[in-house]
Each structure stands twice: as C-alpha cells, then as structure tokens.
Amino acid sequence: MTKLAHDSRGSGPALVLLHAFPFDRRMWSEELARLSDVRRVIAVDLRGFGESPLWGEPTVDDLGDDVIALLDELGVPMAAVCGLSMGGYVALSLAERHPARLAALVLADTRAAADSDVAQLARQATMRQVRADGPAAFLDGVPERLLSRHASEDLRQRVRDLCVDRGATILAATRAMAHRPDRTPLLSRVDCPTLIICGGEDTTSPAPEMRSLAQQIPDAEYVEIAGAGHLSNLEAPDRFDEAVARFLAAHDL
C-alpha cells in the first residue's frame, strides 16, 4: 500500500495535482473544489510533506515513482498531471520515466534544466541554515521569495501557514531538487497535450524561461498570468483554474 496521503474528489478522467516546495496538498484546496465538478481531482502530499511520512533519502524520481504507486492503488491507468515548481520537477520525471501514464501535462512555474551553480550554492545555504537554526528563519522568507510584490498581507500569511515546517523534510527535498537531472533533452519528446503556466512576475522561474520551455515541447500551449508570482495558483486562482479547465476541455480530457 502506498504511503502517500491524498485527497480525491469528483469522478471521471483523473487530474493529479503535485504541490510546490515547501508546501503540501493544502495549496490545491481551490482546485479541488472547482475542478472536481467535471473530473476526478487527486491532490497528493509528496513524501515527507503534509500527512505523508518521510522515508529514505528520496530523489525526484523516487517522488515520481511514489505517485505512480498511488495511481496503481487507486486504479487510475492514465491521468493528466499538473505540477507547480517542485511538483513540476516530479511531473517531468513522470513524463520521462512513465510516459504511458500521462494523458496530459500541466507545468506551472517550474523549469526543466538542472540547478545552475548559483542555485546549487543557494540550496547548500538553505541546508546549512536549517541544520544550524531549524526551519523557522528559512520559512519566514518564503512569501517574499515566491509571491509578487502586489500580494496582500492576508495571502502572505496564508502562504506562511501552508508551509511544512519539518526540518528533515526540507533538507530531504532540498537535496532531491539539487541533484535532479537536466530534463531539457526530454522536452522535444513529450508527446501528450501540454500546458505551460507562468506567473508574469515569477522571479524564480521567470516568464522568458517558461516561454522557452513551452517552445521546446511540440504543440505546447503557453499561458502567462499577469501580476502573479511563483505561486500562480494561489495569487490568481480564477485565472489559473480557468486555464487548466479550458486546456483539458479543449483536448477532451
């Protein structure tokens, strides 16, 4: 039996939602409510996050294999998969290693390339900080790093409340992201319908990089959400959900 906690709501074709770092499936509460009217929506806590336990020293590919094990248990042979940020890394792992299980792919505010040298140094600094002082200081800066400058204080507080504050999970996920492979060579081989969503004010995976990613995937659709930052579904849920719903409907998914 899979160890992943999840919410499953609605019926029909499945849509799997993979959360960003350092969050859990609670970040998809509005998508669960809205999109489950016309399909089965499955929001997952990746290993170590939310109500899912942490075991071993997982790679991004391990996190993807966990999702496949969950789908097997739920009897879902194929699903549309939507991943945001870290969830996008996991979605790309599925696209490379389990392509027959993907009916469609939604990549939001993420990247295909491996970490740059600068990003690697930032990951190492995060791990040193968490080991030395615990996760509180790192988590306190999450809203400023991931939201646009227009975000309200209420949303900033909500994002703080959504953070997973377990040091072991933050360290394990940071290591996994730091060592993830470059999946840029995969992009030209993605053969399922694909939607790319980017917050127009995302500074973590900026719009030019996301547009380039979209251009490398055959027939991918690109949607930019003006005014939103890296957590585009939380800053602009109406526009995010509309884009996903329209995309799935257009492909009869």
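The structure is a predicted model: local features need pLDDT of at least 70, side-chain atom pairs count only at pLDDT 80 or more, and totals for chains, interfaces and linings use all residues. Residues are numbered from 1 along each chain as its sequence is written, and side-chain values use heavy atoms, with hydrogens and water left out. The largest pocket holds about 520 Å³ of space. The largest cavity holds about 40 Å³.

**Pocket**

- Rolling a probe the size of a water molecule over the atoms shows where empty space is left.
- On a 1 Å grid over the protein atoms alone, a pocket is an open set of points with protein on both sides within 12 Å along at least five of seven lines, whereas a cavity is a set where a 1.4 Å probe fits but cannot get out; lining residues have an atom within 4 Å of a point.
- Grid points are joined across faces, edges and corners, and a volume is the space filled by probe spheres set on the points.
- The lining of the largest pocket has 24 residues, and Phe21, Arg123, Leu146, Met177 and Thr204 lie nearest its centre.
- At least two lining residues come from each of α4 (117–133), α6 (142–146) and α8 (167–178). Helices (H or I, at least four residues) and strands (E, at least two) are DSSP runs, numbered from the N terminus.
- α4 gives the most to this lining, with 4 residues.
- By type, the pocket lining has 10 nonpolar, 8 polar and 6 charged residues. Ala, Val, Leu, Ile, Met, Phe, Trp, Tyr, Cys and Pro count as nonpolar, Asp, Glu, Lys and Arg as charged, and the others, Gly among them, as polar.

**Cavity**

- A search of the whole structure finds 1 cavity of 30 Å³ or more.
- Tyr89, Leu92, Arg111, Ala112, Arg180, Pro181 and Arg183 line the largest cavity.
- That lining divides into 4 nonpolar, no polar and 3 charged residues.

**Helix α2**

- Helix α2 (residues 60–74) has 15 residues and should span 21 Å at 1.5 Å a residue; its end C-alpha atoms are 21 Å apart, which agrees. The expected span is 1.5 Å times one less than the number of residues.
- Its buried residues include Val60, Leu63, Asp66, Val67 and Leu70. Buried means under 20% relative accessible area, exposed over 50%, and partly exposed in between (1.4 Å probe, protein chains only).
- Cover for the buried residues of α2 includes β1 (6–9), β2 (14–18), β3 (40–44), α3 (86–97) and α8.

**Strand β2**

- In β2, 5 of its 5 residues are buried.
- Ala14, Val16 and Leu18 point one way, and Leu15 and Leu17 the other.
- β2 and β3 run parallel and are joined by 5 bridges. Two strands pair if DSSP finds at least two bridges between them.
- Leu17 has Ala43 of β3 as its bridge partner.

**Two buried residues**

- Thr169 lies in helix α8. Thr169 counts as buried because its relative accessibility is 3%.
- Leaving aside neighbours within four places in sequence, Thr169 is in contact (heavy atoms within 4.5 Å) with Gly48, Phe49, Leu54 and Val164.
- Ile225 is in strand β7 (residues 221–225), and is buried at a relative accessible area of 2%.
- The C-alpha atoms of Ile225 and Cys198 are separated by 6.1 Å, though these residues are 27 apart along the chain.
- Beyond neighbours within four places in sequence, the contacts of Ile225 include Ile197, Cys198, Ser232, Ala236 and Phe240.
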